[in-house]
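Let's take a walk through this structure together, one contact at a time. Keep the 3D view open as you read.

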Amino acid sequence: MSTLSRSRPVWAERPSLPARAAKNTVLAAVAAVVLLPIYVVVLTSLSPASAVTAAGGLVVVPGGISFQAYADLFSGGVVTRAVLVSLGVTAAGTLVSLTATVLAAYGLSRPGSLLHRPLLFAVLLTFLFAPGMIPLYLLVSDLGMIDSYAALILPTAVNAFNLVVMRAFFMNLPGEIADSARIDGAGEWTILLRLVLPMSKGVTAVVGLFYAVGYWNAFFNAILYLNDNARWPLQLILRQYVQQGQQLNSGSLIGDAVQGTASAPNLAVQMAIVVVALVPVTLIYPLVQKHFTKGVIIGAVKG
Amino acid sequence: MTERAAATAPSPDRALAPPPRRRDRSGRGRRSGRGPSLRARWLRDRSLLLMTLPAIGLLAVFHYVPTFGNIIAFQQYNPWDGVAGSPWVGLYQFERLFTDPRFWNAVGNTLVIAAVQLVFFFPVPIALAILLDSVLARRVRLVLQSIVYMPHFFSWVLVVTLFQQILGGAGLVSQALRGAGYAPLDIMASPDAFLLVVTSQMVWKDAGWGTIIFLAALAAIDQNLYESAAVDGANRWRRMWHITLPGLRPVIVLLLILKLGDILNVGFEQFYLQRDAFGSGVSEVMDTYVYHQTLVTGNFSAGAAAGLLKGAVGLVLILVANKTAHLMGEHGVYRRS
């Protein structure tokens, strides 16, 4: 219902002017609290040195525009590499996660099939306890995965919650279609790929988004498993050069191409890193937003 | 509801799934030999099993194997000797843990943060959902939803960085204060402000996302109830009190119970990232304790012991929370069929 437009029912009294003003003020304030920090960061990243100096820090009032900070970042230095690492890990990880999750969700969607109960139980049991940071670290280390990108993907590749959400969705699909396909001689792979997945685009998009955002935002696993900072993903760069404020404009951090040329103010470069970290998720999630309620609610409320 | 709660023993394969198609419920008899033979079932279901294999394999390797790896909590583990060669020390690691004041500091901080979250975070999505639901214009509502959901998709590094840029010593607020001739204010490094800062960050990041579940519950309330109440003379506040809030009650109770079962998991990265700024006195939680203990002492067994203890207490809490949910007639994490 919440996606439909509604008109005020006849029995509802019209709110008084002060009440409406108060409500709108609160809503505007909520939106502003979310948007203002982002506005300031984006604006600063796009400001020339003069504007940053004039503002004495973050820029609130636009004072010219400059893409120098982004040119610096993408000139082949540390940040360029980190963005590529993050994009690669996100793409590969999402592919692995989504494949394993869709397959298992379908494989477990038929109660009464062979080993259905013990396998499902094994998945659900993972909700109740986490393996613990130290044993997991030792395992990854024993498997020789330290300093490999596989360490950023495989340990978190399957999320039982996402699996259960998809399984619930598959089980809610009308069974007659699959049954008739089966009578016509279709195997399970055909049914999954040709019938079930095309009917499940929404939930697949939502689960894919959850995985992709998880990989893009992952921070701590890289701290644990990557000793070689040449392999760092973007979130670690964000932490080191922005949150911890380490100077970026020195040495080999910026690509060779721009060394010795005029570079953007440090603050603008820092804010540009922030923007690069937030832009992908900001662009993608509205595309699947209309499916959120379905995906989240199937898993959470209906149980 | 009550009927369901009082019904049969928990059936794990019903967990978190909607009721299966009716047919399946009566088809259970297949298991007791009347149905196809094992060989026939293998032939019929082998592709399903093959599909399940990658996910089960990943969970087995990266969830179950390290879970058993927790036995090093009962050893003096040495990476060169491995689990097989390291000496067994019984409960020594736990004894050390219990006498470590930093451990109790971490436990205390975790509980305080959880309590503050419960009181100051938990109600915000409910209020925000009721407010959003009252916006009649569809487009405005969708735009507002998009805006408030957004921060949920930001990483903790990003959220902490944004807060630092606005509220930190070199941030926007301090910048404005300096400009107006006042002393700058650095609440991002003041231990006294720690709870305020971390709770604000949680609200900023996740309160909007938290509204989804309440918005769905609001949409499920029968609109005729409101009309009848209005005809009977109930004003908007009375309707909210007598219809809206009771309509949200099952979701509120469920989430509250789940939160109580999850009380030791207050988050990790948020605290890890700000531990240096605020100091471990206020910001050390159980997970960061595990990490820093192991890192500082190089003692994997001590870290594993702390993690295992947390996991065991967390498991008991979840089971108790679910039991409570069932007793109150709610679904809990897994449902009884």
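Before any helix pair comes up, a word on axes: they are lines fitted to C-alpha atoms, for helices over the stretch in contact, and angles run from 0 to 180 degrees between N-to-C directions. Helices (H or I, at least four residues) and strands (E, at least two) are DSSP runs, numbered from the N terminus. What you're looking at is a predicted model, where local features need pLDDT of at least 70, side-chain atom pairs count only at pLDDT 80 or more, and totals for chains, interfaces and linings use all residues. Residues are numbered from 1 along each chain as its sequence is written, chains are lettered from A and ligands numbered from 1 in the order in which they are written, and side-chain values use heavy atoms, with hydrogens and water left out.

In chain A, helix H4 (residues 78-107) and helix H13 (residues 234-243) cross at roughly 145°, and their axes come within 8 Å. On the H4(A) side you'll find A:Val78, A:Val79, A:Ala82, A:Val83 and A:Ser86, in contact (heavy atoms within 4.5 Å) with A:Leu234, A:Ile237 and A:Tyr241 of H13(A). Sorted by class, that contact of H4(A) with H13(A) has seven nonpolar, one polar and no charged residues. Here Ala, Val, Leu, Ile, Met, Phe, Trp, Tyr, Cys and Pro count as nonpolar, Asp, Glu, Lys and Arg as charged, and the others, Gly among them, as polar.

Staying in chain A, helix H5 (residues 116-125) packs with helix H8 (residues 160-172) at about 135°, the axes being 9 Å apart. That angle makes H5(A) oblique to H8(A); angles under 35 degrees count as roughly parallel, over 145 as roughly antiparallel, 65 to 115 as roughly perpendicular and the rest as oblique. A:His116, A:Leu120, A:Val123 and A:Leu124 of H5(A) meet A:Ala160, A:Leu163, A:Val164 and A:Arg167 of H8(A).

In the model, residues 83-107 of chain A are 100% helix and 0% strand, with end C-alpha atoms 35 Å apart. Residues 119-140 of chain A are 68% helix and 0% strand, and the ends lie 24 Å apart. For chain B, the UniProt list (unreviewed entry) includes residues 111-132, a span that is 95% helix.

How many residues does each chain bring to the contact between them? Chain A gives 114 and chain B gives 104. Buried area is the accessible area (1.4 Å probe) that two parts lose on being put together, summed over both, and for chains A and B it is about 9,900 Å², with 70% from carbon and sulfur atoms. One spot to look at is helix H10 (residues 188-196) of chain A, whose axis comes within 8 Å of that of helix H3 (residues 38-68) of chain B, crossing at roughly 60°. This makes H10(A) oblique to H3(B).

Finally, salt bridges (a side-chain nitrogen of Lys or Arg within 4 Å of a carboxyl oxygen of Asp or Glu). The rule finds one across the interface of chain A and chain B: A:Glu13 with B:Arg239, at 3.2 Å, N to O. Within chain A, A:Arg182 pairs with A:Asp179 at 3.1 Å.

Methods:
UniProt positions renumbered as here; feature names shortened; annotations may be inferred.
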